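Take a look at the sequence and the model below. Keep both at hand while you read.

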Amino acid sequence: MSAPPALVCRGLVKRYGDVVAVNGLDLDVRRGECFGLLGPNGAGKTTTVEILEGLCSPDGGEVEVLGERWVGDGLALRARLGIQLQETRFPEKLQVAEVIALFRSFYPRGLEPEEALRRVSLQEKARAHVRTLSGGQKQRLSLACAIVGDPEVLFLDEPSTGLDPASRREIWEIVEDLKARGRTILLTTHYMEEAARLCDRVAIVDRGRVLSLGTPAALVASLGAEHVVEVEVDGELAEEELRALPAVEGVRVAGRTVRLTVRDVARALPPLLALCAERGAAPRRLATHHASLEDVFMALAGRRLEGAGEEAA
Ligand SMILES: Nc1ncnc2c1ncn2[C@@H]1O[C@H](COP(=O)(O)OP(=O)(O)OP(=O)(O)O)[C@@H](O)[C@H]1O
Ligand SMILES: [Mg+2]
């Protein structure tokens with residue numbers, strides 16, 4: 001019999017008062033897979049991850065981690081997991097080496113603490129106090145703590161948020177190295193480039209539900225066209241008229257910004273500019289790019305976000 005999936009969520013529900021943080025979420029993460037959870041702020045990503053980590057219990061539905069449910073203290077299961085929370089506070093007066101030794105002591109086996117620090121390029125800070133670390137260095141320390149037990153499953157909740165571009169790439173290399181070692185990784189991120197590079201599959205979630213799931217390439221292909229044309233106009237264009245333009249597959253109008261998904265830029269542009277001229281909506285800024293995961297994200301979650309922005313205004 002094949003091994004059970006690394007992570008399973010079935011009909012997961014979590015409420016905080018009137019807020020439904022997770023609303024019937026289903027998910028399977030295979031062993032050895034790097035799986036990405038993407039979604040706008042408040043979508044329920046951290047809540048879902050924390051339920052899987054056994055840190056909070058659901059109001060409905062079930063989770064399985066490495067084929068097991070969370071029962072009792074779950075210590076044996078915990079020893080097989082590495083966790084990087086979205087925000088970690090370490091005791092300010094401890095030295096980096098003491099923090100990593102402390103986390104190593106929680107696990108029956110794992111890396112040498114120095115090796116964990118080396119992997120996140122913090123070996124030179126071993127004697128530094130936590131309070132003297134920069135934000136990015138603290139972030140890397142929390143990643144070192146997550147990998148020091150050499151976990152089978154690693155949970156990374158926004159591991160590269162707030163990092164400079166070089167440090168972000170370092171985190172990517174660490175994740176790629178863990179993937180090469182066959183570890184399973186559940187990652188949340190707001191960087192679409194990061195998800196496209198690291199994740200075998202991603203789920204785009206909003207309001208506690210999965211909106212779309214697949215490989216990054218399959219999600220981009222689901223847009224139905226390869227290119228995106230974005231134009232900011234001084235005036236208004238009707239969605240129906242834009243939709244009727246040649247080679248156009250998708251249309252989104254948000255205020256003065258029009259975003260078209262098109263099969264062929266050369267065919268779509270001249271009639272688009274002609275329409276702008278006809279309607280007296282002068283194009284202020286025009287850009288085209290290859291469709292990416294970010295376009296999928298905006299197509300699925302963007303409409304709701306822009307709607308929310310208008311309500312708040
Ligand atoms: N402890 C809590 N008490 C009350 N509400 C909570 C609590 N934790 C989360 N929520 C609410 O649940 C919803 C989902 O929050 P969650 O932290 O899971 O979102 P997220 O997808 O991780 O967002 P972000 O991208 O901002 O990290 C939000 O509306 C949030 O306000
Ligand atoms: Mg979160």
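The text below goes through the two ligand sites in turn.

This is a predicted model, in which local features need pLDDT of at least 70, side-chain atom pairs count only at pLDDT 80 or more, and totals for chains, interfaces and linings use all residues. Residues are numbered from 1 along each chain as its sequence is written, chains are lettered from A and ligands numbered from 1 in the order in which they are written, and side-chain values use heavy atoms, without hydrogens and water.

Start with ligand 1. It is surrounded by 14 residues, each with a heavy atom within 4 Å of it. Gly42, Lys45, Thr46, Thr47 and His190 are the closest. The shell holds five nonpolar, seven polar and two charged residues. Here Ala, Val, Leu, Ile, Met, Phe, Trp, Tyr, Cys and Pro count as nonpolar, Asp, Glu, Lys and Arg as charged, and the others, Gly among them, as polar.

Oxygen atoms of ligand 1 reach the protein's polar atoms. One lies 2.8 Å from a polar backbone atom of glycine 42. For glycine 44, again at a polar backbone atom, the distance is 2.9 Å. At histidine 190, an N or O atom of the side chain is 2.9 Å from a ligand oxygen.

Now turn to the magnesium ion, ligand 2. Its protein donors are Thr46 (OG1) and Gln86 (OE1), at 1.9 to 2.2 Å. Donors are N, O and S atoms within 2.8 Å of the metal (3.2 Å for Na, K and Ca); water is not among the atoms, so sites may look incomplete.

Methods
A polar contact is a pair of N or O atoms within 3.5 Å; within protein, one must be able to donate a hydrogen and the other to accept it, and residues adjacent in sequence count only if both atoms are side-chain atoms.
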